[in-house]
Amino acid sequence: MALVAVLLASTVLAVGLGSVFIPPGEVLGALWRGVLSLGSGAELSGNDIIVWQIRLPRVVMGLVVGACLSVCGAAFQGVFRNPLADPYLLGVASGGALGATVGIVAGWPRSSIPLSALAFALAAVGATLALSREGRRFPPTRLILAGVVVGSVLSAFTTFLILRGEDRARQVLAYTLGDLGFSGWRDVLTILPYAVIGCGVLMALARALDTLQLGDLTARSLGVPVERLRLLVVIAASAATAAAVAYVGIIGFVGLVVPHLVRLVWGAGHRVLLPISAVAGAALLVLADLLSRTTLLSQVGVVTTLLGGPFFLWLLARGRSD
């Protein structure tokens with residue numbers, strides 16, 4: 001409950017702070033009036049417009065993406081039994097970056113760039129699955145290695161396109177550092193089905209992911225279809241991550257740091273780990289975005305990286321002392 005309270009407080013704080021300060025009480029009032037206007041068709045005015053049309057879509061996008069990346073990161077760490085696995089493991093980030101770069105360098109309309117990023121991200125995961133397949137099996141080691149290869153090749157193509165279109169390099173760099181600033185309600189509604197379905201599938205598989213931690217042989221003996229489970233987790237997590245990458249860019253460390261923090265406090269059971277990671281990830285990304293737009297850091301990906309780097313240094317120091 002404390003974490004939910006932090007999430008709600010973070011949301012109200014993020015909506016209220018900006019070039020125009022809106023007190024928490026007025027934020028809550030604006031939210032309530034906006035809900036009422038949806039049914040009555042009344043037009044909003046003053047601070048209500050700032051809340052509903054400018055700040056709230058950005059905050060809601062942060063909530064959705066933060067929850068999505070955290071849940072997908074926890075699921076990848078569970079299915080690969082690797083604490084360093086993250087949502088970008090299978091080439092999603094590199095594919096999304098290449099798709100966005102193609103659109104930016106070609107001068108496509110901004111509305112088409114997320115669609116290009118999404119298509120390339122999903123294609124990258126498809127290539128990783130095709131390269132790693134061994135009969136009907138998808139061995140974890142082959143999946144990881146294939147993801148590294150696909151990611152490296154796509155990153156090389158991205159670099160080539162950036163060098164060819166130097167005048168647009170700044171836009172590409174902004175994408176690779178992550179940005180919630182252009183999020184609108186249409187973007188939120190587009191990403192929401194991917195996030196809800198993808199994360200919903202992963203949470204439904206929580207018990208099976210717990211069993212998988214005992215090893216493939218033990219899981220099979222307990223009736224878990226290991227290969228089917230691994231493929232389903234990869235597809236669900238990759239689709240949700242691809243949608244997130246397509247609309248907000250590459251935001252690092254959220255899907256890596258949050259599951260670790262949750263395990264330290266609440267344990268490693270996926271029935272608890274996944275939902276708590278969703279709440280914690282949502283709160284973290286909203287606060288990181290608030291910090292990015294109220295300081296000189298400017299890009300939310302810079303903030304999450306600056307937070308994530310010291311965290312892993314602390315983990316290394318903690319492991320050494322143990």
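## Salt bridges in a predicted model

R230 and E227 lie 3 residues apart in helix α11 (residues 226–248), which means about one helical turn separates them. This is a predicted model, so let's work through a few of its charged pairs together.

**Exercise 1.** Find out how R230 and E227 interact, and decide whether they are buried or exposed.

*Solution.* Start with the distance: the two side chains meet in a salt bridge, with 3.6 Å from N to O. Next, check accessibility: R230 and E227 are both buried.

**Exercise 2.** Locate R81 and D216 in the chain and describe their contact.

*Solution.* First, the contact: R81 and D216 form a salt bridge whose closest N and O atoms are 3.1 Å apart. Then, the location: R81 sits in the loop between α3 (47–79) and α4 (92–106), while D216 belongs to helix α10 (residues 216–221).

**Exercise 3.** Classify both partners of the salt bridge between R142 and E134 by accessibility.

*Solution.* The closest N and O atoms of R142 and E134 are 3.8 Å apart. Buried would need a value under 20%, and exposed one over 50%. R142 has a relative accessible area of 33%, so R142 is partly exposed. E134, at 39%, is partly exposed as well.

**Exercise 4.** How many salt bridges does the model hold?

*Solution.* The count comes to 11 salt bridges.

Conventions:
Residues numbered from 1 in each chain as written. Predicted model: local features only at pLDDT ≥ 70, side-chain atom pairs only at ≥ 80, totals over all residues. Heavy atoms only, no water. Salt bridge = Lys/Arg side-chain N within 4 Å of Asp/Glu carboxyl O. Helix = DSSP H or I, 4+ residues; strand = E, 2+ residues; numbered from the N terminus. Buried < 20%, exposed > 50% of the residue type's maximum accessible area, 1.4 Å probe, protein only.
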